[in-house]
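Reader: Hello! Could you take me closely through one part of this model, the open sheet, and then show me what lies around it? I'd like the cut-offs behind each term as we go.

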Amino acid sequence: MRIDLKHITLIPLFILIGLLYGCSGENESSQKSGIDTGSGQANTQQNTASTSTEPGKLVLAKQQIFHRGNGSEPQSLDPHKSEGVPSSHIQRDIFEGLIGETPEGKLIPGAAERWEISEDGTVYTFYIRENARWSNGDPVLASDFVFAWRRLLAPETGSYYSQTFAPVLNAEAIIQGKMKPETLAAEALDERTLKVTLKGPTPYFLGLLTHSSTFPIHPASVEKYGDKFSRPDNLVSNGAYTLSEWVVQSHIRVDRNPRYWDNANTTIDTVFFYPIEDQSSALKRYRAGELDFVYEFPINQYKWLKENLPGEMRTPLYLGNYYYGFNVTKPPFKDNKKLRQALSMTLDREIIAEKVVTAGVVPAYGWVPRGVYNYENEEYDWMSLSKEERLAMAKKLYEEAGYSKDNPFTVEIRYNTSENHKKVALAIAAMWKQALGVNAKILNEEWKVFLENRKQKQVTEVFRAGWIADYNDAFSFAELLHSQHGINDSGYVNPEYDALLAQSAVEPDPEKRKTLLKQAERIMLEDYPIIPIYYYTSKRVVKPYVGGYVDNIMDHQYSKHLYILEH
Amino acid sequence: MLAFAFKRFLGAWPTLLLIITVAFFMVRLAPGGPFDTEKTLPPEIQANLDKKYHLDEPLVMQYGRYLWDIARGDFGPSFQYKDYSVNELIGAGFPVSLRLGGSAILLALIIGVTLGAIAALRQNSRVDYSVMTTAMVGISIPNFVMAPLLLLVFAVYLGWLPAGGWEGGSFRNTVLPIIALSLPQVAYIARLTRGSMIEVLRSNFIRTARAKGLPEHTVIIRHALKPALLPVVSYLGPATAAVITGSVVIEQIFGLPGLGRYFVQGALNRDYTLVMGVVIFYGVLIIVFNLIVDLLYAVLDPRVRY
């Protein structure tokens, strides 16, 4: 038993070399993350890249295969049972709703070639394209939409998104089980004409119809396969792609649907969606050339990406906000507006956005993010004050609320476990301590525990929260603080605010409606039930050879708009 | 021996029942439920979902129903992955984990035992020290550090191997995860082998064998190695069960569709049926492998007879 021992002694050496080699790469990025170079402009710089090119002028790759990172495993591909953004991305490729979108996010005809809206804004008549086909060749009928929507609302389905359809007449009663799904005010006048009656004018109704929960499903296959109709061999869909393969936790493959009415304008033949939850792994696979598209890069790689892949990283504004809520149903924040205002004013949002969070997020001084359709966001007046003036004012309010350096306020900040939330909480606690002498304890909780505590409003004082809009309208944010809304975890109640929202729901004139919503936002901001902190950005990395990619605020990226260039 | 195996088989049932019971009630004790999300469901829909999954029944009844279901081999539908049942998820994930884990354990066993034996034979030499230092490093570097390092070096910088994905289990895709999985095991097995080998080499029967004038390789392979492997074998039982049920870290980092991540994700999502399914599955494997180890003992050690 003689073994050449010389080689064995090399093994530890080899491993050590590997370690050192690996470490130097990682260190590079962490060292760089200490330097900041005005990250706020990142979004505007990259928006224009690769948008002006047309497929005709460029050389397309022979193989039109798109490898798309897609966050996490979709819970379901059934439009009524899925929840979360990753499944919507796939559903937008395989299904098509009445309304489509341009790459920029403008609403255009989808399965409906045109529509009419009654003068009072409550009756919508959609005309479905004659050449709209299901992937098995069946024509897409008005009754297919009616079938799908009834199923979406039926309590037996248990959809998370049934409330998307609340603006439609009778929808809420159906959700509550008080009326039958057949009473939904959506009827097929003939094979291709669909009439929908709304409760009130809902200017964002067309936008809602781009949401995956409103997509049609093929009635015959639902009847045949039941709950399993969304499996690869069973799924009949009407979008630009059809589902070919689904290996749970590995990938979902969709292929071009030759029966899609606009198939001639689809370039990419095959899309692989990879559920890669580990963001660093996704970025590594991107760097190794296995992915063309990173769903979300790890925030600690922002500086590295900015220096090494500047044209490929994209951080456009996204329709979401990150905020802290006060539990206003209990002391110390109940009836203590001065204290809440003082705490809000003390935060240096620029530092939080640019040094703590990075990735181009935008400091928030209002509730509704910028870039919402037909809206200009409200912001605190004190935003124009200098930092010193703000602090002086905050100190005064803090003292008026009965606290001082000698009698400091003690508070608990609760957040769900995450590196980013922890950094933000630490920064905020430090800012409060430094400016006012507040003793803030930070407390992290596992997601579901956190959600339950937040909802019950018993132990929470200050809590982290965030919201990403389902549709591009100010109301999608405004409704969150309505006294009856399920996510109003602050427990904020202001009848005036509720009344303005109610008024806006029946106001047919868009300008007047906007004024009402802005008025409501102003009132709410001045009541300080929440602290706006920053507006989200997407965190994408996209290969330069992916053509047709345009940033849009809803982050709706249809694969049919894209093409792969020779590379 | 057959009688022993049968006795152990009977004894396994109460253990399994205990595992199921404890796991069932512990999962339910955790705050929050499978359908709690940031979005609040309308109460009517929540009620319907609860009814559909029998969450509205008293816990004891649910427990009874669950036992009845698993007695028929049905682990129920997954709460999180609504298009799949737990049986399907385990059925799809286990072959992946088994292949990765099985290869990793086999690799670890071959390399670990060889290195350990060499180190023991050259005790206190340079070879011994370097093997043991490497082993120590291998044990102390956690997987979540080692795996990204391997990826960075071999996939990103050198571009020799893919940076992740399963691709139906192609060889190229499995090399790095198998190495990452086996490294800590190699280290552990090498240390175990060395320790027991040194002890065995000092024992009387080895001195006798040498005194008889047997050639050294016969002494080592025929007489020393077998008893020296006993601690390794007892370690191997639970280790194999653990490795072939998947590692959440390795699966997340390499993007592999194995079983391991269902433990963690299932628990975080309060996917009651999925957590229970994998816990029971893991429990059964542990029981089986421990039984195999006990039987192997009888083969390896003449003093052990059942």
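Author: The open sheet in chain A has six strands in the order 14-18-13-17-15-16, with mixed pairing. Strands here are DSSP E runs of at least two residues, helices are H or I runs of at least four, and both are numbered from the N terminus. Two strands pair if DSSP finds at least two bridges between them. The edges are strand 14 (362–363) and strand 16 (439–445) of chain A, each of which pairs on one side only. Before going on, please note that this is a predicted model, in which local features need pLDDT of at least 70, side-chain atom pairs count only at pLDDT 80 or more, and totals for chains, interfaces and linings use all residues. Residues are numbered from 1 along each chain as its sequence is written, while chains are lettered from A and ligands numbered from 1 in the order in which they are written.

A:Val362 has A:Tyr535 of strand 18 of chain A as its bridge partner. Helix 14 (residues 447–456) of chain A packs on the sheet, where it touches strand 15 (410–416), strand 16 and strand 17 (462–468) of chain A. The direction of helix 14 makes about 130 degrees with that of strand 15 of chain A. Such angles run from 0 to 180 degrees between N-to-C directions, and axes are lines fitted to C-alpha atoms, for helices over the stretch in contact.

A:Ala359 lies in the loop between helix 11 (349–357) and strand 14 of chain A. Its phi is positive, about 60 degrees, although A:Ala359 is not a glycine. Why does A:Ala359 count as buried? Because 26 other C-beta atoms lie within 10 Å of A:Ala359. The cut-offs are 20 or more other C-beta atoms within 10 Å for buried, 12 or fewer for exposed, and anything in between for partly exposed, with C-beta atoms placed from the backbone. The other loop, between strand 13 (317–326) and helix 10 (337–346) of chain A, holds A:Pro332. The peptide bond from A:Pro331 to A:Pro332 is cis, with omega near 5 degrees.

Now for the surroundings. Chain A is divided into domain 1 (56–266 + 540–564) and domain 2 (317–537), with bounds that come from an automatic or database domain assignment. Their C-alpha centres lie 34 Å apart. Across the boundary, 13 residues of domain 1 of chain A are in contact with 15 residues of domain 2 of chain A; contact means that the C-beta atoms, placed from the backbone, lie within 7 Å. The domain 1 side divides into six nonpolar, five polar and two charged residues. In this scheme Ala, Val, Leu, Ile, Met, Phe, Trp, Tyr, Cys and Pro are nonpolar, Asp, Glu, Lys and Arg are charged, and the others, Gly among them, are polar. A:Asp555 lies in the loop between strand 20 (546–547) and strand 21 (563–564) of chain A. This residue also has a positive phi, near 60 degrees, without being a glycine, and A:Asp555 counts as buried because it has 20 C-beta neighbours inside 10 Å.

Then there is the partner chain. In all, 52 residues of chain B are in contact with 54 residues of chain A. Among the chain B elements that give two or more residues to this side are helix 4, helix 5 (126–140) and helix 6 (143–157). By class, the chain B side has 28 nonpolar, 14 polar and 10 charged residues. Chain B has 13 helices and zero strands, and 38% of its 306 residues count as buried.

Helix 4 and helix 5 of chain B pack at about 140 degrees, with their axes 8 Å apart. Their contact is made by B:Leu115, B:Ile118 and B:Ala119 of helix 4 and B:Val127, B:Asp128, B:Val131 and B:Met132 of helix 5. These residues divide into six nonpolar, no polar and one charged. Helix 4 (residues 86–121) of chain B also meets helix 7 (residues 171–201) of chain B, where the axes come within 6 Å and cross at roughly 35 degrees. That contact has 22 nonpolar, eight polar and two charged residues.

Methods: Two residues are in contact if their C-beta atoms, placed from the backbone, lie within 7 Å.
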